[in-house]
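Let's take a friendly tour of this structure, starting with the ligand and then moving on to some helix packing. Have the model open as you read.

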Amino acid sequence: MCNAVNDQAPRGMRYHIALAGRRNAGKSSLLNLLTGQQVSIVSDTAGTTTDAVNKPFELLPLGPVTFIDTAGIDDEGELGTLRVAATRKALNRADMALYVVDEQGLTDADRAFIQDQRNLGLPILVVFNKGDLTSPAADDLIWCDEQGLPFQQASSVNRHGRRSICQALYELAPEELKAKPVLAADCYGPGDTIICVVPIDMAAPKGRLILPQVQVLREALDHSAIAMICKETELARTLDMLPEPPALVVTDAQAIKTVAMLVPDDVPLTTFSSLFARFKGDLTPMVEGALALDQLKDGDRILIAEACSHHVQDEDIGRVKLPALIRQYSGKTLTFDVAAGHDFPEDLESYALVLHCGACMFNRAEMVRRLRECARRGVPITNYGVAISKLQGVMPRVVAPLLTQSASFTG
Ligand SMILES: Nc1nc2c(ncn2[C@@H]2O[C@H](COP(=O)(O)OP(=O)(O)OP(=O)(O)O)[C@@H](O)[C@H]2O)c(=O)[nH]1
Ligand code: SF4
Ligand SMILES: [Mg+2]
């Protein structure tokens, strides 16, 4: 994982629900209706919401969500165009969207926008707002039916529609996100022992563990397994202490070479990064993406994608250590660019490989979208940990315990 792995509450557990639509459709009013709070400013001036507004909220029956109120998709002028681009980016971060329509009904632009977003895999609930002024046109309802698009009616003025929208959102939530993802729990059973190897080097935060390590330990407790934790220097002793081999050894990817030599070949071994690649998205494309490290040519560009703008340390894994390792491994002249935060560069196709961080600040939908976007644009993507395993020659061993588990989800 990234040295700076962020330690805030796991954001990945929240659904991100965007409110989109034309200016003045009533997006902000609907957000206020759904939350029962004055979160967003409402006015009859078109273009009131300029920057995306995030509002965390407990929305039953879904649970914790973050609403993202956005600028209208029909905003105009130089600034307006930038706002529309920002809205599209906000939608990239969403698990689903409420597309809000006013008394004008669904215009051609609305329909094109909705279709576009659905092609990108975004589940959409159409909300015919301003129900106190008009009922939805039969034409619009037929179109929604034809498209298989769920819809609801609402009026922010009459405070009508909240309950049915909440229920419809619950039904709309993608199954893969409703399912409870497992980190490593499908690799061991109750009463089994697992060992977590955590090197304490200069980059380790003082006095604490990082979130991915804590989550793996906590999950072991939840599944009544016995979790042992040690540095790589104590691993041999820890293994010797056990009357029978552990069900799994999980190590920080940076210690994988040493750890792989100490752990017997018949003991499943993986890295925190591989567990999180699967937990946050999908491991298979990350493994396939790592194979691109064998195809690099002189002049190739590699994109280091960091999901947040963290404090960069001297020995930063993404910016310093990995580029050095890759140059050494490939023997090629390569350029490394860094993209931090939610944005992928426009010229993604010009990269031979995307090297993604552990994405601890991303939710699962964001990572799944990034994987989908890279696949669509034909750019291989892998993450730091999987790349390190590949560079150290242990990738097949490290991913084997996770790829052989057909059910990576429970519940
Ligand atoms: N009659 C009626 N008016 C509404 C309703 N919802 C919103 N409005 C009015 O529509 C206007 C625009 O509402 P907003 O919530 O600011 O719309 P928006 O989509 O957020 O607009 P922008 O931020 O400008 O893109 C305001 O004057 C609201 O009072 C509704 O259900 N019924
Ligand atoms: S989101 Fe990525 S860059 Fe930010 S702390 Fe987590 S692993 Fe590091
Ligand atoms: Mg608004």
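## Around the ligand

A residue counts as near a molecule if one of its heavy atoms lies within 4 Å of it. In this predicted model, 24 residues surround ligand 1. The closest are Lys27, Ser29, Gly47, Thr48 and Ser156.

The protein backbone takes part here too. A polar backbone atom of Gly47 sits 2.7 Å from an oxygen atom of ligand 1, and a polar backbone atom of Ala25 is 3.2 Å from a ligand 1 oxygen. For Val157, a backbone N or O atom lies 3.5 Å from an oxygen atom of ligand 1.

## H11 against H15

Now turn to helix H11 (residues 283-290) and helix H15 (residues 395-403), which pack at an angle of about 165° with their axes 11 Å apart. Angles over 145 degrees count as roughly antiparallel, so H11 and H15 are roughly antiparallel to each other. Their crossing is left-handed.

On the H11 side, the contact is made by Leu283, Thr284, Val287 and Ala290, and on the H15 side by Met395, Val399, Leu402 and Leu403. These contact residues divide into seven nonpolar, one polar and no charged.

## H10 against H15

H15 also meets helix H10 (residues 272-280): the two axes come within 10 Å and cross at roughly 40°. That angle makes H10 oblique to H15. The crossing of H10 with H15 is right-handed.

Here Ser274, Leu275 and Arg278 of H10 meet Val398, Val399 and Leu402 of H15. The residues of this contact comprise four nonpolar, one polar and one charged.

Note on methods
Residues are numbered from 1 along each chain as its sequence is written. Chains are lettered from A and ligands numbered from 1 in the order in which they are written. This is a predicted model: local features need pLDDT of at least 70, side-chain atom pairs count only at pLDDT 80 or more; totals for chains, interfaces and linings use all residues. Side-chain values use heavy atoms; hydrogens and water are left out. Axes are lines fitted to C-alpha atoms, for helices over the stretch in contact, and angles run from 0 to 180 degrees between N-to-C directions. Helices (H or I, at least four residues) and strands (E, at least two) are DSSP runs, numbered from the N terminus. Angles under 35 degrees count as roughly parallel, over 145 as roughly antiparallel, 65 to 115 as roughly perpendicular and the rest as oblique. A crossing is left-handed if the near helix is turned anticlockwise from the far one by less than a right angle, and right-handed if clockwise. Contact means heavy atoms within 4.5 Å. Ala, Val, Leu, Ile, Met, Phe, Trp, Tyr, Cys and Pro count as nonpolar, Asp, Glu, Lys and Arg as charged, and the others, Gly among them, as polar. A polar contact is a pair of N or O atoms within 3.5 Å; within protein, one must be able to donate a hydrogen and the other to accept it, and residues adjacent in sequence count only if both atoms are side-chain atoms.
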